[in-house]
Amino acid sequence: MKDQAIAFITEAAHRLYDPAIRKLDIDTKEDADDLVTENDFAVQRMLTKKIKETYPTHFVVGEEGRHDKSTPENVVTWYIDPIDGTTNYVHQYMNFAISIGIHYEGEGKVGVIYDLIADELFSAVQGEGAYLNGKKLHPRRPVDLSRAIIGFNARWLVGRADATTKEVFANIVRDVRATRSYGAASLELAYIAAGRLDAYINMRLSPWDYAGAMVLLSETDAGCAPLFDHDTLFKDSCSMLAGEKNVFEDIYQRCNADQ
Ligand code: IPD
Ligand code: CA
Ligand code: CA
Ligand code: CA
């Protein structure tokens with residue numbers, strides 16, 4: 001299925017190459033900054049059609065219109081994000097990706113994430129390792145928080161989080177070597193597998209944002225879980241912490257210490 005997922009993604013990517021069509025039909029969803037384009041829908045439709053034609057019994061769950069509502073564990077489910085990083089797609093035409101995660105019986109089996117502008121294809125199969133453009137990614141070695149580069153969006157310091165959490169975040173930002181924010185969760189998670197980031201924090205992600213990257217993370221021995229112990233993965237919206245295990249543990253303890 002990995003090769004099929006790569007073939008589907010590569011074909012769908014052609015739809016996104018033409019800069020002339022990328023700015024057409026920009027719409028908003030929850031608020032004025034939550035962008036969606038006709039190409040988000042087009043890629044979702046293309047991927048869903050291909051998956052359903054090739055694997056009629058498989059389920060498809062994607063951001064732009066969920067084909068299948070429920071996701072029973074004993075059915076192979078494809079989680080697709082047709083464009084992860086739509087804001088970047090519209091404004092910058094870089095740092096966006098198409099992401100696919102194939103899960104079965106509660107486990108991530110295949111993950112494929114394609115950054116078409118950088119021409120970087122991240123892929124992983126459970127038990128067979130993770131790869132970037134065919135080159136194997138090695139398990140992460142321990143990193144101390146003081147030397148860590150973490151993916152962190154400054155907006156978490158002003159919105160959504162409560163005062164205590166904001167203070168914990170501020171201390172983490174102070175204690176790490178540097179923060180980065182690329183604006184595409186699937187890529188930021190894949191960058192942990194590739195050793196470019198040591199951790200990534202997000203207060204609100206959906207399954208299609210991380211279902212593919214999760215396979216890369218587990219194949220490189222990195223941690224991936226809800227940031228707060230009261231959250232559950234694969235709910236509609238969930239906090240997320242991923243990272244090299246040492247950094248992961250340090251951040252997790254800080255965020256879940258009795259407050
Ligand atoms: C978003 C991006 C963004 C993250 C948001 C996601 P979208 O996905 O990954 O970096 O902070 O939480 O929803 O909407 O561009 O597919
Ligand atoms: Ca979106
Ligand atoms: Ca997304
Ligand atoms: Ca998206």
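View 1. Strand E4 (77-84) and strand E12 (199-205) each contribute at least two residues to the shell around ligand 1 (strands are DSSP runs of at least two residues, numbered from the N terminus). This is a predicted model, where local features need pLDDT of at least 70, side-chain atom pairs count only at pLDDT 80 or more, and totals for chains, interfaces and linings use all residues. Residues are numbered from 1 along each chain as written, chains are lettered from A and ligands numbered from 1 in written order, and side-chain values use heavy atoms, leaving out hydrogens and water.

**View 2. The shell of neighbours.** Around ligand 1 there are 13 residues, of which Asp84, Gly85, Thr86, Gly183 and Ala185 come nearest (near meaning a heavy atom within 4 Å). By class, the shell holds five charged, four polar and four nonpolar residues, with Gly counted as polar. Domain 1 (2-137) and domain 2 (145-256) each provide at least three of the shell's residues; the domain bounds come from an automatic or database assignment.

**View 3. Polar contacts of the ligand.** Here we look at pairs of N or O atoms within 3.5 Å. Polar backbone atoms take part at Ala185, 2.9 Å from an oxygen atom of ligand 1, and at Ile83, 3.1 Å from an oxygen atom of ligand 1. Asn202 brings a polar side-chain atom to 3.2 Å from a ligand 1 oxygen atom. The protein covers 77% of the 370 Å² of accessible area that ligand 1 has on its own (Shrake-Rupley method, 1.4 Å probe).

Terms used:
Polar contact = N/O pair within 3.5 Å; in protein donor to acceptor, adjacent residues only side chain to side chain. Helix = DSSP H or I, 4+ residues; strand = E, 2+ residues; numbered from the N terminus.
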